[in-house]
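Have the viewer open as you read.

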Amino acid sequence: MNHNILNKILIALAALIVIVYFYPHPEANRFNYEEGRPWNYTKLIAPFDIPIHPDSATLLAARDTLDARFVPIYQLNQLLIDTIISHLPASPGTHLDRRLGAELRKVYASGVVDMRTKDEISSHRLPKVRLLEKNVLSEMSTSGFTSPREVYLYLDSVITDSALHQYFVRANLQNLLLPNYTRNEEESRRHYEYDYLTLTADRGIILQGQTIIDKGAIITSQDFTNLQTYEHMLTQLNTNQNQSKWLMFLGQALYVGLLLAIMMLYFFFFVPDVYNNLRKLTFMYSLVTLFFLVGVGLNYFVAQGVYIAPMMIVPILVLVFFDGRTALFVTCILTLICAGVTAFALEFIFLQFCAVAAAVFSLRELSRRSQLLRTSLIVALAYFASYVALDLLMNGSFEGFTWRMVAFLGVNAALTSMAYILMFAVERLFGFISVVTLVELADINTPILMRLSNECPGTFQHSIAVSNLASDAAVRIGANVQLVRAGALYHDIGKLANPAFFTENQHGVNPHDALPPERSAAIVINHVADGLQLADKAGLPEVIRSFIREHHGAGMAKYFYITYCRQHPGEDVDKAPFSYPGPDPQSRETSVLMMADAVEAASRSLSEHTREAITELVNRIIDGQIADGLHNESTLEFRDVAKIKEAFVKRLMTIYHSRIAYPTAPKPAAAPSAAPQ
């Protein structure tokens, strides 16, 4: 017992460590907030002087303004024209080089720039430039600037002298012409940054003791910048930082630890089936931890991303495998844990509470895939209605209403349908079984039931009758009806190994007549082991195998035991060869099946099916099982037994009700013979 308690503590402790590890740490942002949403904390007072930096909109506007009006800086290369002229081919005697050089000097005097600059001038984006000469800046118009290509075309068109034009062509000027006005990138960048810093200088200071933002105020762009500045400065302060860090960490651990402890107490007092089962307990804490991590992960990558996390999968999974009350409670614990990550805890808690109530109340029991689609739609409507209600409550208007949040909640509701996929993953990992799977298993067209129908028709009909009988009783006592129905259909599949050795499959010939009682008993008893082998091959869930294993419990094959005793009078007979291996029924469902199995088989031997005879049969068989202690390990109560008996009697009376004898139709009268002619 102490070891079991230690395991439960370790499960809760593991969940606590993982959750607290991924909680927002003290060195991270202390607040969660979003531009355009209300400030959901108390009034924030500046503990120190905080510079008021321009907000993002101001910075963007300043950048746009500067880009539009900034005048780039150029510099003049006065020696370039001399260099170009010096590379002209010599023309002794004709002085053509001097004449062409003179033309070049005239053109270059107006300024020659590169093609990019010329394109900017042509598109009226660069009406002027600043010229840097001897560390002095002066503005000049760009109207007279031209490009090397235009210089070449201009000279080609204005030179009319044939000799000079031939020399111009031979000079190959297109490879010599370069801009003499070039942009000084370094100086331009330096002046651009200086002008930008001037435009975006701090706008003042929030003095120590002044209000940074009031509770409930809508966070403007400037407020958002001020809060970021405050948090950045706060993280750089070393005063009592370690103490604050550990105190906050302690607070997180206490907060999460209390919630996980409350969940454990809930299981202890109200769901002992979960508390006493480590596998189920592990599932519950793993589910809470996993979806907390999903919410934190989405919140890390997307602002308010926790609202996208499909939290409604949690109540659906818990409801499918357990009950609605537990689904509500576990999801509320998860919601409170995740609320510590959100900026608007009240909003988050209210939205999730409305959604989980809608999910649980609309679903109740999942047996068809279409139910999940309906539940997703209802959850979406619940989210939307609660979001509108909160917006009106907190703001008195729709100013805080954002379609972004509506989209988040819509995605959340749509992802709820993923519960169908996760349901099968949970079944494989934890060995649980859902109603959907039970409905599928109860389909008589499954391969193993089809084989039972073909090879053991009597056993198949018996199994169907037992299934109906046990289902009625399960409804009366509030047991899992679908589980009882499916378990009853499979409980005798072991008879497939030796169909002819079971009465319901015999047709006049009884092979037991040629066998000693102990051998016959061994064959009959072995149908339990044979059934478990077939169940393993078919991949049947453990809960179904428990019906095969427990439907006879540790009872006896009494017919063969009594036969052996009669054949060996006076001998002290060992009961072991005539006893089933067990165990006895461990649940109400397997107890119901044991009773239904015995009652249905015995009812076939009744000579008359009056209410008195059926009632006497039901009481005798069930009371005999109880007297033999076969139901001692089950959770059945005495009032359950009374309801089961009543259900059996009513069902058997319906099955064996007497029918009205239909009268035979009168024979037609013989036709009169013809009169002699």
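## Ground rules

Helices (H or I, at least four residues) and strands (E, at least two) are DSSP runs, numbered from the N terminus. Leu 390, for instance, has its place in helix H16 (residues 369-395).

This is a predicted model, where local features need pLDDT of at least 70 and side-chain atom pairs count only at pLDDT 80 or more, while totals for chains, interfaces and linings use all residues. Residues are numbered from 1 along each chain as its sequence is written, and side-chain values use heavy atoms, with hydrogens and water left out.

Is Leu 390 buried or exposed? Its relative accessible area is 4%, so Leu 390 is buried (buried means under 20% relative accessible area, exposed over 50%, partly exposed in between, with a 1.4 Å probe and protein chains only).

Contact here means heavy atoms within 4.5 Å. Leaving out residues up to four places away in sequence, Leu 390 touches Glu 347, Phe 350 and Leu 351. Leu 346 sits 44 residues from Leu 390 in sequence, and the two are 9.2 Å apart in space, C-alpha to C-alpha.

## The cores

A nonpolar core is a set of buried Ala, Val, Leu, Ile, Met, Phe, Trp, Tyr and Cys residues joined through side-chain atoms within 4.5 Å. The largest one has 78 residues, and the members touching the most others are Phe 267, Phe 283, Tyr 285, Phe 292, Tyr 307, Phe 321 and Ile 337. Helix H12 (residues 278-301) supplies the largest share of this core, with nine residues. Apart from this core lies another, of 50 residues, including Ile 433, Leu 438, Leu 441 and Val 592.

Which residues does Phe 283 touch, not counting residues up to four places away in sequence? They are Leu 317, Phe 321, Phe 322, Val 426, Phe 430 and Phe 432.

## Two helix pairs

Start with H12 and helix H18 (residues 419-430), which pack at an angle of about 140° with their axes 11 Å apart. Those axes are lines fitted to C-alpha atoms, for helices over the stretch in contact, and angles run from 0 to 180 degrees between N-to-C directions. That angle makes H12 oblique to H18 (under 35 degrees counts as roughly parallel, over 145 as roughly antiparallel, 65 to 115 as roughly perpendicular and the rest as oblique). On the H12 side, Arg 279, Thr 282, Phe 283 and Phe 291 meet Leu 422, Val 426 and Phe 430 in H18. By class, this contact of H12 with H18 has five nonpolar, one polar and one charged residues (Ala, Val, Leu, Ile, Met, Phe, Trp, Tyr, Cys and Pro count as nonpolar, Asp, Glu, Lys and Arg as charged, and the others, Gly among them, as polar).

The other pair is helix H21 (residues 457-477) with helix H22 (residues 481-490), packed at about 160° with axes 8 Å apart. H21 and H22 are therefore roughly antiparallel to each other. Residues of H21 in the contact include Ser 463, Ile 464, Ala 470 and Val 475, and they face a set in H22 that includes Val 481, Val 484 and Leu 489. The class count for H21 with H22 is nine nonpolar, four polar and one charged residues.

Leu 132 has its place in strand E4 (residues 128-133). With a relative accessible area of 19%, Leu 132 is buried. Not counting residues up to four places away in sequence, Leu 132 touches Ile 73, Tyr 74, Gln 75, Leu 137, Asn 184 and Glu 187.

Next comes the loop between E4 and strand E5 (136-141), where Lys 134 lies. Asn 135 lies in the loop between E4 and E5 as well. Most residues other than glycine have a negative phi, and most peptide bonds are trans. Lys 134, though, has a positive phi near 55°, and Asn 135 has a positive phi of about 65°. Lys 134 counts as exposed at 81% relative accessibility, and Asn 135 counts as exposed at 75%.

## Down towards H27

In helix H23 (residues 517-525), the buried residues are Pro 517, Ser 520, Ala 521, Ile 523, Val 524 and Ile 525. Their cover includes helix H24 (527-538) and helix H26 (558-567).

Where is Pro 583 found? Pro 583 is in the loop between H26 and helix H27 (588-603). The peptide bond from Gly 582 to Pro 583 is cis, with omega near 5°.
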